[in-house]
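Open the model in your viewer and switch to a cartoon view. The stops below say what to select and what is found there.

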Amino acid sequence: MREIDVVFDPERKLFLYFGITFLAIGVGPFGTYETMSLWQRTVFWSLDILGCALIVVPIVHVSYHSRFLKFLSSLPRFLFGVVLAALPAAGYISVLYGTVGDKLEITTPFPLLFVQVTVFSALLLLTEFVLWPKLFGNRGGKDVPTQQLSAPLAADTALSGETHRSPGNAIPLMSRLPEEVRGGAIVSISMQDHYAEVTLTSGRALILMRLGDAIDLLEGCPGARVHRSHWVALDFFEAIEKRDRGYRVRLKDGRELPLSATYLEAARQQLSQFSRAETV
């Protein structure tokens, strides 16, 4: 099974969850068509599906990205979040029944309702995080045209083929990037709101991901985090410079990124160790 992409994509959620809500209103499953008017079904299924989504989605996101569960692979983390979220969601549905429509009563035992909510939530979220990206692509959830670097690296600093520790395709993060840029080497990653801007020798791309999660997918690409919003590849790390208001990292493509005091010493050590390794 492909890796699950548990990302917050508002557009995807809007179309998927409202689509299911409108379908339930029209079809009226579980006896709601016979016992409720159109407007009662509208209120009931809007509260049921969208309300459960407000419960389930945050819990699954927290579970999937939790640093305490990093020892688990993506699927167990995802399923753990679904099972955990299904408990309050089932309780919410139990309360909802009987409050909308006088003739509708819940007869399903709570343990069975809990299992049903777990299965339905898992199927719905797998549709959102696996099937939807497969059908519509762009797993970051935002169509961002690939941008060429404003100042291409010179031949002596374009190290994508010679010094990069792993072929581009072997770096897990590469699978998240548009095919047009995958042939280049990763130079840096910088956060823009909720998006990580990945700069490569072949261009730039935005992906909906936290910086920490992106760094976890950089196996085979040595680098250093220099700021809460910036990471740089050691292949393109040129110098650390002191400025009036702090430190800056100068890259071989001519750009400069801020270097916070929190990461200063660690960045110096990594750069020093990398430089010594290069001369061995």
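Why does the distance between the end C-alpha atoms of helix α3 agree with its number of residues? Select residues 38-65, which are helix α3; helices here are DSSP runs of H or I with at least four residues, strands are runs of E with at least two, and both are numbered from the N terminus. At 1.5 Å a residue, its 28 residues should span 40 Å, and the end C-alpha atoms are 40 Å apart, so the two agree. The expected span is 1.5 Å times one less than the number of residues.

This is a predicted model: local features need pLDDT of at least 70, side-chain atom pairs count only at pLDDT 80 or more, and totals for chains, interfaces and linings use all residues. Residues are numbered from 1 along each chain as its sequence is written, and side-chain values use heavy atoms, without hydrogens and water.

Next, select Leu 54, where α3 has a kink of about 25°, the angle between axes fitted to the seven residues ending there and the seven starting there. The proline Pro 58 follows shortly after Leu 54.

Now select the five strands of the open sheet, in the order β3-β2-β1-β5-β4 with antiparallel pairing; strands pair if DSSP finds at least two bridges between them. At the edges stand β3 (203-208) and β4 (223-227), each with a single partner strand, so one side of each is left without a neighbour in the sheet.

Last, select residues 195-200, strand β2, which pairs with β3 over six bridges in the antiparallel sense. Tyr 195 has Leu 208 in β3 as its bridge partner.
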